Amino acid sequence: MRACPYCAEQIQDAAIICRFCGREVPAAIASEQPAGTERPRFPKQRYAIDERLKRGTTRVDPKRRPSLWAKIGGALAPSELRPGRPGQRETMVREYANVRKYQEDVDRLVRAGWEIDQQVDRPDKIVVRWFREPAAEGQS
């Protein structure tokens with residue numbers, strides 16, 4: 001069964017004249033399949049990126065002079081960014097108030113050889129236990 005294009009009454013698929021309005025009806029097109037054999041149509045799901053995880057774009061100003069910190073090359077860097085000590089496993093626990101600060105620390109500490117041992121998400125903060133294996137002798 002299909003609907004008549006003129007009066008919208010249900011007529012047979014093979015009908016060439018509508019029995020209700022008497023008009024000549026074009027033959028059923030092959031793409032117009034009966035409703036029972038149509039493929040089910042699923043709604044398209046759109047996923048959004050969590051706003052907390054979007055990285056900000058940083059622009060480097062070419063005219064900006066390097067800071068004193070950049071000039072001394074991190075000689076006075078915090079201990080967690082210095083190379084690991086030979087023969088000692090190091091651990092530390094950090095608390096982060098928001099995801100942005102956590103993400104910044106992850107970027108910094110992973111480059112320095114730290115790995116996450118345990119992470120606990122609490123409603124008001126993220127608590128992470130970090131560890132770093134001993135550096136091999138002769139590595140910098």
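Val 120 has Val 127 as its bridge partner in strand E5. The model is predicted. Strand E4 covers residues 115-121, and strand E5 covers residues 126-132. The two strands run antiparallel and are joined by six bridges. Together E4 and E5 make a hairpin, with four residues between them. In a regular strand, side chains alternate between the two faces of the sheet.

Aromatic contacts were examined next. A pair of aromatic rings is described by the distance of the centres and the angle of the planes. A search of the whole structure returns one aromatic pair. The partners are Tyr 96 and Tyr 102, whose ring centres lie 5.3 Å apart. Their planes meet at 55°, so the pair is classed as tilted. An angle over 60 degrees would count as edge-to-face, and one under 30 degrees as stacked. Tyr 96 and Tyr 102 are both buried.

The cysteines were treated separately. A disulfide is a covalent bond between the sulfur atoms of two cysteines. The cut-off for the sulfur pair is 2.5 Å, and the count of disulfides is zero. Cys 18 takes part in no disulfide. Its nearest cysteine sulfur belongs to Cys 7, at 3.6 Å. Cys 21 is likewise in no disulfide. For Cys 21, the nearest cysteine sulfur is that of Cys 18, 3.6 Å away.

Notes
Residues are numbered from 1 along each chain as its sequence is written. This is a predicted model: local features need pLDDT of at least 70, side-chain atom pairs count only at pLDDT 80 or more; totals for chains, interfaces and linings use all residues. Side-chain values use heavy atoms; hydrogens and water are left out. Rings of Phe, Tyr and Trp (its six-membered ring) pair if their centres lie within 6.5 Å; planes under 30 degrees apart count as stacked, over 60 as edge-to-face and the rest as tilted. Buried means under 20% relative accessible area, exposed over 50%, partly exposed in between (1.4 Å probe, protein chains only). Two strands pair if DSSP finds at least two bridges between them.
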